[in-house]
Every structure is written in C-alpha cells, then in structure tokens.
Amino acid sequence: VQLVESGGGLVQAGGSLRLSCAASGRTFSSYTMGWFRQAPGREREFVASISWSGGVPDYADSVKGRFAISRDNAKNTVYLQMNSLKPEDTAVYYCAAEYLSVGTMLGGDYWGQGTQVTVSS
C-alpha cells in the first residue's frame with residue numbers, strides 16, 4: 001500500500017485546511033486509516049483515526065471538536081478536515097494505514113511521506 005498526502009500549507013490562526021491521503025491497492029476498505037503529526041523537536045503523535053469496520057472515529061483530545069476525519073472507500077482516500085486551526089497545530093502531518101486493526105491506533109503498517117501544515121498567529 002502506498003499513501004500520498006496532499007493539502008498542507010500555510011494558514012492563519014482560525015483558518016481551515018483539508019488534508020487528503022490517497023491510497024493505492026484494492027484492499028483500502030480493510031485498513032483502519034489515521035493521521036499523525038510531528039512538530040519540530042517533538043515525537044510523532046496521534047491525531048485521528050477511522051476504522052475499517054465503521055463506527056465512531058477516534059480523536060486526540062487536542063483536536064476534538066475542531067478536526068474531522070472521513071473516508072471514501074470508492075476513491076481509496078481518507079480526509080482530515082481541520083477547522084479553527086491554532087499555531088500549536090503546526091507540524092508535519094502523516095497518513096497511516098493499519099490492516100484490520102481494532103482499538104486505539106498506535107501506528108501504521110504503512111505511512112505516507114507527510115505534508116507540512118503551518119499555522120501563523
């Protein structure tokens with residue numbers, strides 16, 4: 001599985017961005033998909049995930065109510081809608097895929113190359 005992110009960029013605080021992650025392969029619907037981020041000098045952290053089996057998406061407390069993850073299995077794509085962005089959301093955002101996983105997404109079997117999101121104050 002290859003993952004390619006897009007949609008990052010520079011935005012002012014309070015603004016919005018939508019990230020996309022396009023996956024190759026014919027088994028996309030069998031993967032839990034997630035977004036992680038890594039800010040300079042910090043470890044990579046979980047942002048959001050959406051299960052292969054449906055159900056309520058999972059979010060980090062820091063983004064609840066501001067970010068929304070969704071997937072389109074027909075397009076092999078997962079999205080992250082980011083609203084009310086804050087300077088502390090500045091990071092490289094990575095898409096991840098984990099095969100038939102359950103529970104909290106801790107990592108991925110496959111990773112994208114990352115896309116930079118910069119929020120100015």
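Me: Which residues of strand S11 are on the covered face, and which are on the uncovered one?

Reply: Keep in mind that this is a predicted model. Start with the general idea. In a regular strand, side chains alternate between the two faces of the sheet. Now the case. Strand S11 covers residues 115–120. Thr115, Val117 and Val119 make up its covered face. Gln116, Thr118 and Ser120 lie on the uncovered face.

Me: Which strands pair with S11, and in what sense?

Reply: Look at the bridges and the direction. Strand S2 (residues 9–12) runs parallel to S11, joined by four bridges. Strand S9 (residues 91–99) is antiparallel to S11, with three bridges.

Me: What stands opposite Val117?

Reply: Take each neighbouring strand in turn. Gly9 is opposite Val117. Ala91 is opposite Val117 too. Val117 also belongs to the covered face of S11.

Me: What is the strand order in the open sheet of four strands?

Reply: Read the order across the sheet. Here it is S1-S3-S8-S7, and the pairing is antiparallel. An edge strand pairs on one side only; here these are S1 (3–6) and S7 (67–72). From one strand to the next, the twist averages 15°.

Me: How many bridges join S7 to S8?

Reply: Six, and the two strands run antiparallel. S8 spans residues 77–82.

Me: Where is Ser20, and is it buried or exposed?

Reply: Locate the residue, then check its accessibility. Ser20 sits in strand S3 (residues 17–23). Its relative accessibility is 17%, so Ser20 counts as buried. The cut-off for buried is under 20%.

Me: Which residues does Ser20 touch?

Reply: Leave out residues up to four places away in sequence. What remains is Val4, Glu5, Ser6, Trp35, Thr77, Val78 and Tyr79.

Me: Now a loop. Where is Gly41, and is it buried or exposed?

Reply: Gly41 is in the loop between strand S4 (31–38) and strand S5 (45–50). Its relative accessible area is 90%, so Gly41 is exposed. Exposed starts at over 50%.

Technical notes. Residues are numbered from 1 along each chain as its sequence is written. This is a predicted model: local features need pLDDT of at least 70, side-chain atom pairs count only at pLDDT 80 or more; totals for chains, interfaces and linings use all residues. Side-chain values use heavy atoms; hydrogens and water are left out. Two strands pair if DSSP finds at least two bridges between them. Axes are lines fitted to C-alpha atoms, for helices over the stretch in contact, and angles run from 0 to 180 degrees between N-to-C directions. Buried means under 20% relative accessible area, exposed over 50%, partly exposed in between (1.4 Å probe, protein chains only). Contact means heavy atoms within 4.5 Å.
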